[in-house]
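Hi,

Here is the structure I said I would pass on.

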Amino acid sequence: MEITFAKRDLIGAGLLLCVGLGTVYFGIKYDIGTPQSMGPGFFPMVLGAILAGLSVLIAISSLGSSNTETVKLPSAAPFLVLISLVAFALLLFSAGLVIAIIASVFISSLSTGEFRPFRSLLLGVILAVCSVLVFRVALGQPLPLFVSWM
Amino acid sequence: MELLQNLYMGLGVALTFTNILFCLIGCLLGTLIGVLPGIGPAATVAMLLPITFTMEPTTALIMLAGIYYGAQYGGSTTAILVNLPGEASSVVTAIDGHQMARAGRAGVALGAAAISSFTAGTIATILIAAFAPMLSTVALRFGAPEFFSLMLLGLVASIVLAHGSLLKALCMIVLGLILGIVGTDVTSGIARFTFGANELSEGINVAAIAMGLFGVAEILRNLENTESRETVTVKVERLLPALSDLRRMIAPTLRGTAIGSVLGILPGGGALLSSFASYAIEKKVTKNPEEFGKGAIEGVSGPEAANNAGAQTSFIPMLTLGIPSNAVMAMMVGAMMVQGVQPGPRTIIEQPGLFWGLVASMWVGNLMLLVLNLPLVGMWVKLLRMPYHWLFPSIIVFCAVGAYTLNNSLFNIYVIVAFGFVGYALCKLGYEMPPLILSVVLGSMMEENLRRSLMLSNGDPMIFVERPISVTLLLISFVLIGLVAFPRFRKNREVIFEEET
């Protein structure tokens, strides 16, 4: 599925508008002070206002645009990669580095069209070994290798 | 001459065993990622940031620098041999370089690229050695207002020289500044935008942002462009250009070096812009215009010299003023800051070993690349066949473990997830990453300088205009913005960057 540049610019501008307005809101909450003696909220408020203003400009220009180029909507693949990272974080301390890496490789390999379990397992083991060598042995970082969950 | 003395001292630092080793690692790694499409120096530097924190600052910078200019060498190799530029800055090299390869002159093209790059690298090293100290002396007279105006100029220039929508780039800059605010405010001591998370009290970890935006987001984008790469294997025979070729290479190499040296210093500049500009100029001044696009050697040596010179001189603003001129430099600033080295005008005085060692190592690295790459060409091409589904899980794992080691905290893994998503989303929506990372790095410094300036002047904003250096910098910023507003300049901008896609 695809959407036109104009529509995507509108969406993007809308998102940034929210960020800008949110920043202004919080900026005001943290005491703005005066330009002479700026409080902690002054800079955020100004920046948020500028961002909001710019996003409105982008929104307006997108409404008038007749650009028919399109861009594809994301598939599931990127999200699988992000999930694989989250899985790593969740598993690192509950199952150890090795399992976390293997699980992560498995999940991220699912995101390509061609998933082959044996190859992913092999890659996972190789990466686990390399990571242990680089991060634990060479750099001395404390990382739990295996965590027994008994 | 003081210049030679400094370079001699620098060589003393650069030629220690550790530094040579890491220079070699950097250059080889750089060539490797330059060869492989789908991963570039920005992503690699981002991924290696956690590792550099355990190293000496000088050694870390030497390695990271090697990655940056090494990638230029690697990118040209594949551009010539397989018409697949591994780096954006090698796109122009591919135009004539690959044609030369098809005509059976692959070796000559590779040799030309390597020799031009090396010549440019040597000259650039001398230029850096000559100009940087002067620049630092001027910058020593900078106060808070001058720094603010300079950073503003840096951000503005990076938009102007970047491609794409001006409005969108401005948004990225403002967004980056906002992200830089997260954390404890130095002046008032209260926590801003942390929403209760203790891990954010020092701000969002810049290395984690870099890894998310450049490492993870790159992969997410590449997963959508799964094109199979057909490798046209071209035979590589003699590696040295003939005398007639060498004669034709001299002028383009020198011109390219000049172009690269100038454009590399400008914010937003660096290898990419330099190579494009050089190609355009070579095409204009050549005596054989029909050859361009069909295998003109000038079309290889000019851009190659330019991109190497650009890569090296882009270190100058970072090392002398503390202002990064592109995304890779921004990350190096981040790497230095975490090491406790604040890049700025004082760096060259307080850390001469770091400065001159780095400068000297660039020349050493160039030498290594010249000597090693030509024989290793076959190996690089074989590596091109590595399927992406082996590569990208490796990058993901590396980012994951690296993110954890930043602070021994799982939080940073979630940060790279968040910024991976943000980076991907922003790219999809048509926004660019480099201005974002630049302003994140500069953001907190800008606010500090702004507030300090206003405190100095008791709230009078005219202080920025009353001081001569500051007002000059601000004027240049306005001129640049004005230039972009002019339709004619805008058209030229688009034309130059249209060729890139």
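Of the 501 residues in chain B, 60% are buried, meaning under 20% relative accessible area with a 1.4 Å probe and protein chains only as cover. Keep in mind that this is a predicted model, where local features need pLDDT of at least 70, side-chain atom pairs count only at pLDDT 80 or more, and totals for chains, interfaces and linings use all residues. Residues are numbered from 1 along each chain as its sequence is written, chains are lettered from A and ligands numbered from 1 in the order in which they are written, and side-chain values use heavy atoms, leaving out hydrogens and water.

Chain B has 21 helices and 2 strands (DSSP runs: H or I of at least four residues for helices, E of at least two for strands). Its radius of gyration is 22 Å, close to the 23 Å from the globule rule for 501 residues, so chain B is as compact as a globular protein of that length. That radius is taken over C-alpha atoms, and the rule is 2.2 Å times the number of residues to the power 0.38. The C-alpha trace of chain B spans about 70 × 50 × 50 Å along its principal axes.

Now for the two chains together. Chain A brings 64 residues to the contact and chain B brings 54, with contact meaning heavy atoms within 4.5 Å. About 5300 Å² is buried between them, 80% of it from carbon and sulfur atoms; this is the accessible area (1.4 Å probe) that the two parts lose on being put together, summed over both. Phe43(A), Leu85(A) and Phe135(A) supply 12% of the area that chain A buries against chain B, more than any other three residues.

Cheers

Technical notes:
Buried < 20%, exposed > 50% of the residue type's maximum accessible area, 1.4 Å probe, protein only.
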